[in-house]
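Colleague: I am new to this structure and would like to learn how to read it. Could you take me through it one feature at a time?

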Amino acid sequence: MAEAAMQYPVAEPDMLSLRVLARLLDYPSAELQAAAPELIEIINDERRLPAALRARLMDWCQRLLEADLLELQSEYVALFDKGRATSLLLFEHVHGESRDRGQAMVDLMAEYRAAGFELDARELPDYLPMFLEYLSTRPEADIGRWLGEIRHILALLSARLEEREADHALVPLALLALIGAEEDVAAHRDSVKAEAPDDTPEALDEVWEEEAVRFSAASDEDCALQSAEGRRLAERKQAVPSDPVRIMPGSGQTDRTATDR
């Protein structure tokens, strides 16, 4: 799993599944493959997730165990290290490279430290696997609040990873399922199909050109406006009130309400 935290509290016993999901988004390693049987066991015990989704996650873990490690690593680099559409840096989807993103990371770091979660310099605080490590130490109310705040990003990320036929789409989908919001992904599938690839040599060249424009922008506002995802999220926040969100209860509990109205 994301091990960039130097010191952090032990995960809540019933939220170990968040650490499993964090590991599944990390760069593949021999340690990850060796841990696959344990990951399968934890996923199987996570009764907040639908049975079909648990089965898909466990099948993925089995494939990780049996696959060639170099092939897994090559696929991971192609999926996450080229282009920004599938970035695992949460605030990049919201703020792009504007100064607002820096302030958002400072605020998140302050929240980490207040909870006794200390990081080293190997990962940025908005790296999704790291963020899930942090959430695994928090009470359910905090987890539900945070997942509710980023549900739009998770749905978009899941749709984009689905379009690339990547098993990694199951992670944001599972996070949405924890708050009863997995249907959010459907709203993005058509628009994602129409997106131009951002991982081609031509698209990567355009990114370098955009960087030059961004750093010469007249204001932080101009920079922020260059993030299309940031504009969409800002518009959505104006149009849609933010509701408290709860973690779905496990099996055997009858209350399946995902949001408090």
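**Reading helices, burial and ring pairs**

Modeller: Start with burial in H1, where the buried residues are Ser 17, Leu 18, Arg 19, Val 20, Leu 21, Ala 22, Arg 23, Leu 24 and Leu 25. Keep in mind that this is a predicted model.

Colleague: How many of the residues of H1 are buried, and what does that say about the helix?

Modeller: Nine of its 10 residues are buried, so H1 is largely enclosed by the rest of the structure. The cover over these residues includes H2, H3, helix H4 (69-80), H7, H8 and H10.

Colleague: What is the overall make-up of the protein?

Modeller: There are 14 helices and two strands. Of the 261 residues, 48% are buried. Among contacts with a separation of 6 or more, 68% are between residues 24 or more positions apart.

Colleague: Let us take one residue as an example. Where is Leu 24, and is it buried or exposed?

Modeller: Leu 24 is in helix H1. Its relative accessibility is 2%, and the cut-off for buried is under 20%, so Leu 24 counts as buried.

Colleague: Which residues does Leu 24 touch, leaving out those up to four places away in sequence?

Modeller: Leu 24 touches Leu 39, Ile 43, Leu 57, Trp 60, Cys 61, Leu 64, His 168 and Val 171. Another way to read its place is by C-alpha distance: Leu 24 and Leu 170 are 146 residues apart along the chain, and their C-alpha atoms are separated by 9.4 Å.

Colleague: How do I read the packing of two helices?

Modeller: Two packed helices are described by the angle between their axes and by the distance between the axes. For H1 and H10, the angle is about 160° and the axes are 10 Å apart. That makes H1 roughly antiparallel to H10, and their crossing is left-handed.

Colleague: Which residues make the contact between H1 and H10?

Modeller: H1 contributes Leu 18, Leu 21, Leu 24 and Leu 25, while H10 contributes Val 171, Ala 174, Leu 175 and Leu 178. Sorted by class, this contact has eight nonpolar residues, no polar ones and no charged ones.

Colleague: How many residues of H10 are buried?

Modeller: Helix H10 (residues 170-178) is mostly covered, with nine of its nine residues buried. They are Leu 170, Val 171, Pro 172, Leu 173, Ala 174, Leu 175, Leu 176, Ala 177 and Leu 178. Their cover includes helix H1 (16-25), helix H3 (51-66), H7, helix H8 (140-149) and helix H9 (151-163). Just after H10, Gly 180 takes a positive phi of about 70°.

Colleague: At what angle do H2 and H3 pack?

Modeller: Helix H2 (residues 30-45) packs with H3 at an angle of about 165°, and their axes are 8 Å apart. That makes H2 roughly antiparallel to H3. H2 passes H3 in a left-handed crossing. The contact residues of H2 include Leu 32, Ala 36, Leu 39 and Ile 43, and those of H3 include Arg 54, Leu 57, Cys 61 and Leu 64. By class, the contact of H2 with H3 has 10 nonpolar, three polar and one charged residues.

Colleague: Last, how are aromatic rings read?

Modeller: A pair of aromatic rings is described by the distance of the centres and the angle of the planes. This structure holds six aromatic pairs. One of them joins Tyr 112 and Tyr 134, and this pair is tilted, at 4.7 Å centre to centre with 50° between the planes.

Colleague: Which parts does the pair of Tyr 112 and Tyr 134 tie together?

Modeller: Tyr 112 lies in helix H6 (residues 99-114) and Tyr 134 in helix H7 (residues 128-135), so the pair ties together parts that are 22 residues apart in sequence. Both Tyr 112 and Tyr 134 are buried. Elsewhere, ring pairs link Tyr 27, Tyr 76 and Phe 80 into a cluster.

Definitions and conventions:
Residues are numbered from 1 along each chain as its sequence is written. This is a predicted model: local features need pLDDT of at least 70, side-chain atom pairs count only at pLDDT 80 or more; totals for chains, interfaces and linings use all residues. Side-chain values use heavy atoms; hydrogens and water are left out. Rings of Phe, Tyr and Trp (its six-membered ring) pair if their centres lie within 6.5 Å; planes under 30 degrees apart count as stacked, over 60 as edge-to-face and the rest as tilted. Helices (H or I, at least four residues) and strands (E, at least two) are DSSP runs, numbered from the N terminus. Buried means under 20% relative accessible area, exposed over 50%, partly exposed in between (1.4 Å probe, protein chains only). Contact means heavy atoms within 4.5 Å. Axes are lines fitted to C-alpha atoms, for helices over the stretch in contact, and angles run from 0 to 180 degrees between N-to-C directions. Angles under 35 degrees count as roughly parallel, over 145 as roughly antiparallel, 65 to 115 as roughly perpendicular and the rest as oblique. A crossing is left-handed if the near helix is turned anticlockwise from the far one by less than a right angle, and right-handed if clockwise. Ala, Val, Leu, Ile, Met, Phe, Trp, Tyr, Cys and Pro count as nonpolar, Asp, Glu, Lys and Arg as charged, and the others, Gly among them, as polar.
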